[in-house]
Amino acid sequence: MQTKKITSKMLIPIVTAIIAIVFIYFGITKYGFMHEVRGPLPGFFPTIIGFLLLALSVLAFIGSLKEESPGFPVENWYPALGVVAIMLSTLVIGMLPSLALFVLLWLRWFEKFSWKATLIGFAVIMAIVIGAFVMWLGVPFPKGFIYNLIAY
Amino acid sequence: MENLQMLFMGFSVVLTLENVMVTLLGAILGLIVGAMPGIGSLAGVALLLPLTYKFNPTTAIIMLGSLYYANMYGGSFSAILLNIPGDSPAVMTALDGYPMATKRNRPGQALFTANSSSFIGGLIGMLILTFMGPLLADLGLKFGPAEMTSLLLVAMTSIGWLVGESPTKGVVLTLVGVLLASMGMDTLTGSPRFDFGNIYLLGGIPFTPFVIGTVGFSQVLKLMEERNKKVEANLNQKLTIKGSLLTAHDFKRLLPPAIRSGFMGTFVGVLPGAGATTGAFLGYAMQKTFKSEEPLGTGAIEGIAACESANNAAAAGAFAPLLALGIPGSGTGAVLLGGLMMWGLNPGPLLFTTNPDFAWGLIASLFLANILTLIIAVGIIPFLIQILTVPVRMLIPIITVVCVVGGYSTSNSMYGVIIMLLSGVFGYILDRNGYGVAPMLLAFVLAPLLESNMRKAFIISNGKLDIFFDKPISAFLLLVLFAIVLTPVIKFILRKAGVSKKK
């Protein structure tokens, strides 16, 4: 018998089925379904939706067996890795320098833009971040470990 | 008459320096975001949501409404000049827009046709909205919990079931959206639920980072595939405003299809699940039944006018159910509704009576946005090529940074960035597998309303289902729901029958 490789198309309904089971379980056991006097309890609605999701996940899984799964080129994940890198370096050097570093490295090192194009892109994005988010909205971006060490 | 008086009152709200400036800003950003292939109105509105935090709710929604509306104009630019639709409603525009720009060598006139038709369609949509919005709200006042439950079920099912490649996938994501929205606090008792002992989840999944991730950051991951694509305009002439003006004869050709599609598009926009894309398709299809001076598909003015007018009219028409019933017709509508709720406003039948300044101010702002967008859209014609050929490789880090700071600024904590990142990755995986995220967003926004109405209905009826069938409006809506659910099943049976007949 030929076994079929598990693809992302199959994985999605499996994950949604697990989500459904978790909501049904907690909905019934922890939050309650229906009370004679008080009517529907906090678990009522999520439990019904959970059962519907479970049934449809089974249908979607059966449907996924006939479908081709798409590929996920490694390169497509680079921006997500970039965000993780920004989050980690924020802890050390703060968010604004991390964002600035990300834009510079991405444009110059990864995309190989000329210095002129890199600096134009850098200026545009920093103008948006500093103008709109720092000056206009007054968002207190984290300053990072090094700044805190120097300042305090 | 009363509606017109209220509209004038709305203009008195809008015509302040701050509101005119944000309308202008929304129009400019909407045109740019709409023109750039691959961003779209949904991502545009989501990415700009954090920028509106400092405004009062009226000013904030005026900016987002103007941005959404201007987006419909902008989508046609890249469709006409590059044969790449900036947004899905502009797909049909490319059919005649690109040949008119390249084969007929009239790129400026093609842009002018799109702009003029968008203006006419939008104007018709807004006029109908002015009269129909309060009528719908009056009807909505008759709705109790049972009727609201049925209406919300129709709205959510129609988008999940009818939009996208597979009804099952659409409904699966609708249900996932409902469950994600139920995390945090119980809507009726306020007690914590599904927080899994996590202090952050106690407040539920924050709306803005979730939306920025699912539609904005997932778009960045998708754009990675297009980063090496070279975008070039195949034009033989320089674009100027003077050289783009239409002749009286051209204008005579565009007017009838623009007016027809304006009316049709508005009614399509009112229907949940239909929206601007369906409007544009139907507008073009309708034009096929009428006479055009040049055959459609070869650069006919009538073809551009029909779909551009219809998609702008549909965008305006979609505001009627959003404001009057609190039911968005599309993913972008859901983001706008989420924004309204975030600012403490509850769109629905009472909005026109409890917050007339807001409701009429928004409608008046659409009229203002229509005029301002037309002026800017004509004004930027000479610079369009430069705007449209900004390389995708440059946009990727820019949008990524906006996503990160947008996610952070909601809660001033890294929790927002984490939610943005996770929902972005989730949205990307879903999209690659043919699961459109719009139904999930709509369900995420509407779920609390659905749950509270459903539970109230059950409390009133002592837990009996009869309440949904005893009330005539609710029973009618459930019939509509039944018809929606059956539509793909019937389509499938008919397709099978057709195939076996051919065999």
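The points below take up the model itself, the contact between the chains, a helix pair and the domains.

1. This is a predicted model, in which local features need pLDDT of at least 70 and side-chain atom pairs count only at pLDDT 80 or more, while totals for chains, interfaces and linings use all residues. Residues are numbered from 1 along each chain as its sequence is written, and chains are lettered from A and ligands numbered from 1 in the order in which they are written.

2. Between the chains, 55 residues of chain A are in contact with 50 residues of chain B, two residues being in contact if their C-beta atoms, placed from the backbone, lie within 7 Å. Elements that give two or more residues to this side of chain A include α1 (8-31), α2 (44-64) and α5 (115-136), and α2(A) gives the most, with 12 residues. Helices are DSSP runs (H or I, at least four residues), as are strands (E, at least two), numbered from the N terminus.

3. Within chain B, the axes of helix α4 (residues 57-82) and helix α14 (residues 331-342) come within 10 Å and cross at roughly 175°, which makes α4(B) roughly antiparallel to α14(B) (over 145 degrees; angles run from 0 to 180 degrees between N-to-C directions, with axes fitted to C-alpha atoms over the stretch in contact). On α4(B) the contact is made by Ala60(B), Ile61(B), Leu64(B) and Tyr68(B), and on α14(B) by Thr332(B), Leu336(B), Gly339(B) and Leu340(B).

4. Chain A is divided into domain 1 (8-64) and domain 2 (74-151), with bounds from an automatic or database domain assignment; their centres, taken over C-alpha atoms, are separated by 40 Å.

Key
Angles under 35 degrees count as roughly parallel, over 145 as roughly antiparallel, 65 to 115 as roughly perpendicular and the rest as oblique.
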